[in-house]
Amino acid sequence: MPPFDIRFRRFVSLNTTIRLREGKLLVSLSDLLQSAPQSVLEAIAHILIAKLYRKPIAASHSDRYRRYTSSEAVSRQAEQTRQTRGRKQIHTAIGHFYDLDEVFEAVNRRFFHGLLGRPILTWSGHHARRMLGHYDAAHNTIVVSRVFDAAHVPRFAIEYLMYHEMLHLKHPVVRARTGRRCIHSREFQAEEKLFPEFEEAKAFLRKL
C-alpha cells in the first residue's frame, strides 16, 4: 500500500477524494468530517480505497457512512456550510423569449393561489441539457437551463418545469425512516401529476 497524505479541507460540502500521484495516495476530506467517529472514518477509508482500486464496497461501510452523513445534526451543519461557503452564480431572470419572474408569478397564481414566496430566479450560465432545472434550498434559488429560452419551447413546457421546482418550495426534503433523504415525496409526486399538460410536458422534456 502506498503512503498516505490525508488532509481535511474547507470544502463547500461533504466531499471526499482520493488520488494516486507519484506513488502517494492523496486523500482530501471535508473538515466537517473531522469530528466523525472512528468507525465512520474507517468506513470512509474503505469506500475511498475500494473506489480507487475498483473493488466492491461492503454494504456495512456504505450504510454506516450514509447513516452518519444523513443524520439530522450533520445534515444541518452541511446545509449551513453550503450557505456560508458556497457561492451561487446568479445571472438574470430575463431571457430572450421568457421572463422567469413572469412565469413564476403566472404559475403561482394558477396553482398556488399566489401564496408561494418568490425565491431568486435565474437562467443557467449555459445551455445545460442534463440538469434542466433545480431548486437550491441553501441559497433559495431556482435555476432554469437556457435551453428553455427559445422560440420553439412551448409555454406549457417551461411552466411545467417551473411548477416542478416550485413544488420543492411547498414540499421540502424529508427523511424516511431509513434515514435517506426523500426529495420527491408521495405528496410531491401526486401533486406534480395535477399539472394539466403533465404528459405533454414530460414528452417534450425527453426530446431535449
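This is a predicted model: local features need pLDDT of at least 70, side-chain atom pairs count only at pLDDT 80 or more; totals for chains, interfaces and linings use all residues.
**Whole chain**

Start with everything shown. The protein chain has 208 residues, and 40% of them count as buried. Its C-alpha trace spans about 60 × 40 × 30 Å along the principal axes.

**The three-stranded sheet**

Select E1, E2 and E3. They form an open sheet in the order E1-E3-E2, and the pairing is mixed. Which strands stand at the edges? Strand E1 (4–9) and strand E2 (16–21) do; each has a single partner strand, so one side of each lacks a neighbour in the sheet. Direction ignored, neighbouring strands here are turned by 15° against each other on average.

Zoom in on E1 and strand E3 (residues 24–30). Their pairing is parallel and runs over six bridges. For one example, pick Arg-7: its bridge partner in E3 is Ser-28.

H1 lies across E1, E2 and E3. Relative to E2, the helix runs at about 50°.

**Two loop residues with positive phi**

Go to the loop between E2 and E3 and select Glu-22. Phi of Glu-22 is near 50°, a positive value in a residue other than glycine. Is Glu-22 buried or exposed? Its relative accessible area is 86%, over the 50% cut-off, so Glu-22 counts as exposed.

Then move to the loop between E5 and E6, where Asn-140 sits. Asn-140 is not a glycine either, yet its phi is positive, about 50°. At 35% relative accessibility, Asn-140 falls between the 20% and 50% limits, so this residue counts as partly exposed.

**The second largest pocket**

Stay with E5 and E6. Strand E5 (133–136) and strand E6 (141–144) each supply at least two residues to the lining of the second largest pocket. Which residues lie nearest the centre of this pocket? Select Ser-124, Gly-125, His-126, His-134 and Val-143. They belong to a lining of 14 residues. Colour that lining by class: five residues are nonpolar, eight polar and one charged. The space in the second largest pocket comes to about 210 Å³.

Conventions:
Residues are numbered from 1 along each chain as its sequence is written. Side-chain values use heavy atoms; hydrogens and water are left out. On a 1 Å grid over the protein atoms alone, a cavity is a set of points where a 1.4 Å probe fits but cannot get out, and a pocket is an open set with protein on both sides within 12 Å along at least five of seven lines; lining residues have an atom within 4 Å of a point. Grid points are joined across faces, edges and corners, and a volume is the space filled by probe spheres set on the points. Helices (H or I, at least four residues) and strands (E, at least two) are DSSP runs, numbered from the N terminus. Ala, Val, Leu, Ile, Met, Phe, Trp, Tyr, Cys and Pro count as nonpolar, Asp, Glu, Lys and Arg as charged, and the others, Gly among them, as polar. Two strands pair if DSSP finds at least two bridges between them. Axes are lines fitted to C-alpha atoms, for helices over the stretch in contact, and angles run from 0 to 180 degrees between N-to-C directions. Contact means heavy atoms within 4.5 Å. Buried means under 20% relative accessible area, exposed over 50%, partly exposed in between (1.4 Å probe, protein chains only).
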